[in-house]
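Please consult the sequence and structure shown here.

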Amino acid sequence: MDKPTVLAKTEAAFADLVAAVNGLDERAMSRRFYGEWNVKDILAHIAGWQHQMAAGMERLARGERPTPEGVDYSDADAWNARFAAGMRPQSGETVIADLRQSFATYMRAARAIPDDRFGEGKTINRILEASGYGHVEEHLPAIKEYRASLG
């Protein structure tokens, strides 16, 4: 996908995610339904990856490797748990605010990548799929199903 297409797809997925959680009260945000996780945990870990990958895209725009020296993202479950646990004491409102802020930073970083760096198999496209639209698409069905179960 070219830059405009992949950015639009990422923005649309994020809008769908926000719409799916809009209006949930604190009780609904905090009830476990996804294994040991709740809506806040899912949103916190999405935001956590957005924070990490925004910094990675900033490095990529400077011609550096997206992953900082000495950092290993291969144990995604450990990172996910850390992101979720770090925001667990926060209110749903705070988690959503962090998600929105992380997404804004994430998209600024993506837009700063030169157009010619986008395309099939390119690093930026893989980042935007893994931590952007693809990540939302992974979790959105469960959130929508949970929301429907609330009545």
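Rings of Phe, Tyr and Trp (its six-membered ring) pair if their centres lie within 6.5 Å; planes under 30 degrees apart count as stacked, over 60 as edge-to-face and the rest as tilted. By this definition, ring pairs join W49, Y73, W79 and F83 into a cluster. The model is predicted: local features need pLDDT of at least 70, side-chain atom pairs count only at pLDDT 80 or more, and totals for chains, interfaces and linings use all residues. Residues are numbered from 1 along each chain as its sequence is written, and side-chain values use heavy atoms, with hydrogens and water left out.

**Aromatic pairs**

- The whole structure holds 9 aromatic pairs.
- One of them is the tilted pair of W49 and W79, with 6.0 Å centre to centre and 45° between the planes.
- This pair links distant parts of the chain, as W49 lies in helix α3 and W79 in helix α4, 30 residues apart; helices are DSSP runs (H or I, at least four residues), numbered from the N terminus.
- The rings of W79 and F83 have centres 5.7 Å apart and planes at 45°, so this pair is tilted.
- Both W79 and F83 belong to helix α4, 4 residues apart, about one turn of the helix.

**Burial and charge**

- W49 is buried at 11% relative accessible area, where buried means under 20% (1.4 Å probe, protein chains only).
- W79 is buried at 13%, and F83 is buried at 12%.
- The charged end of R82 sits over the ring of W79, 4.0 Å from its centre; this requires CZ of Arg within 6 Å of the ring centre and within 35 degrees of the ring normal.

How values were computed:
Helices (H or I, at least four residues) and strands (E, at least two) are DSSP runs, numbered from the N terminus. Buried means under 20% relative accessible area, exposed over 50%, partly exposed in between (1.4 Å probe, protein chains only).
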